[in-house]
Amino acid sequence: MKAQVRCTNWNHGHANVTVRYCSMCGEVVNKNIAAKECSLEAHAKRRRNQSKYCVDCGEQLIGER
Ligand SMILES: [Zn+2]
Ligand SMILES: [Zn+2]
């Protein structure tokens, strides 16, 4: 099993994050927020913003799966 690298994204340190998933590691940072279904357009936009993972549905957007 691969060792979990500690993610440095600011989302992890905050209690009131407004997104469900971390954009850097795809982990759930706020489980109280429901996962959303995203359009391809929304994902294309996030990809352009260099988000590795979608903050709404947790899907990996950049890099290999
Ligand atoms: Zn993270
Ligand atoms: Zn998404």
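**View 1. Contacts of Arg20 beyond its sequence neighbours.** Leaving aside residues within four places in sequence, Arg20 is in contact with Val28, Asn30, Ile33, Ala35, Val55 and Asp56. The model shown here and in the other views is predicted. Arg20 belongs to the segment before H1. With 21 other C-beta atoms within 10 Å, Arg20 counts as buried, because the cut-off for a buried residue is 20 or more. Between the C-alpha atoms of Arg20 and Lys31 the distance is 6.0 Å, although 11 residues separate the two in sequence.

**View 2. The largest nonpolar core.** Seven residues make up this core: Tyr21, Cys22, Val29, Tyr53, Cys54, Val55 and Leu61. Val55, a member of the core, is also among the residues in contact with Arg20.

**View 3. Surroundings of Tyr53.** Tyr53 is one of the residues of the largest nonpolar core. Not counting residues up to four places away in sequence, Tyr53 touches Tyr21, Cys22, Ser23, Met24, Cys25 and Gly26, and also Gly58, Glu59, Gln60 and Leu61. Among these contacts, Tyr21, Cys22 and Leu61 are listed in the core as well.

**View 4. Glu59 in the segment after helix H1.** Helix H1 spans 40-48, and Glu59 is found in the segment that follows this helix. Glu59 is partly exposed, having 14 other C-beta atoms within 10 Å. When residues up to four places away in sequence are not counted, Glu59 touches Tyr53 and Cys54, both of which are part of the largest nonpolar core. The C-alpha atoms of Glu59 and His43 are separated by 9.0 Å, and the two residues are 16 residues apart along the chain.

Terms used: Residues are numbered from 1 along each chain as its sequence is written. Chains are lettered from A and ligands numbered from 1 in the order in which they are written. This is a predicted model: local features need pLDDT of at least 70, side-chain atom pairs count only at pLDDT 80 or more; totals for chains, interfaces and linings use all residues. Helices (H or I, at least four residues) and strands (E, at least two) are DSSP runs, numbered from the N terminus. A residue is buried if 20 or more other C-beta atoms lie within 10 Å of its own, exposed if 12 or fewer, and partly exposed in between; C-beta atoms are placed from the backbone. Two residues are in contact if their C-beta atoms, placed from the backbone, lie within 7 Å. A nonpolar core is a set of buried Ala, Val, Leu, Ile, Met, Phe, Trp, Tyr and Cys residues joined through C-beta atoms within 7 Å.
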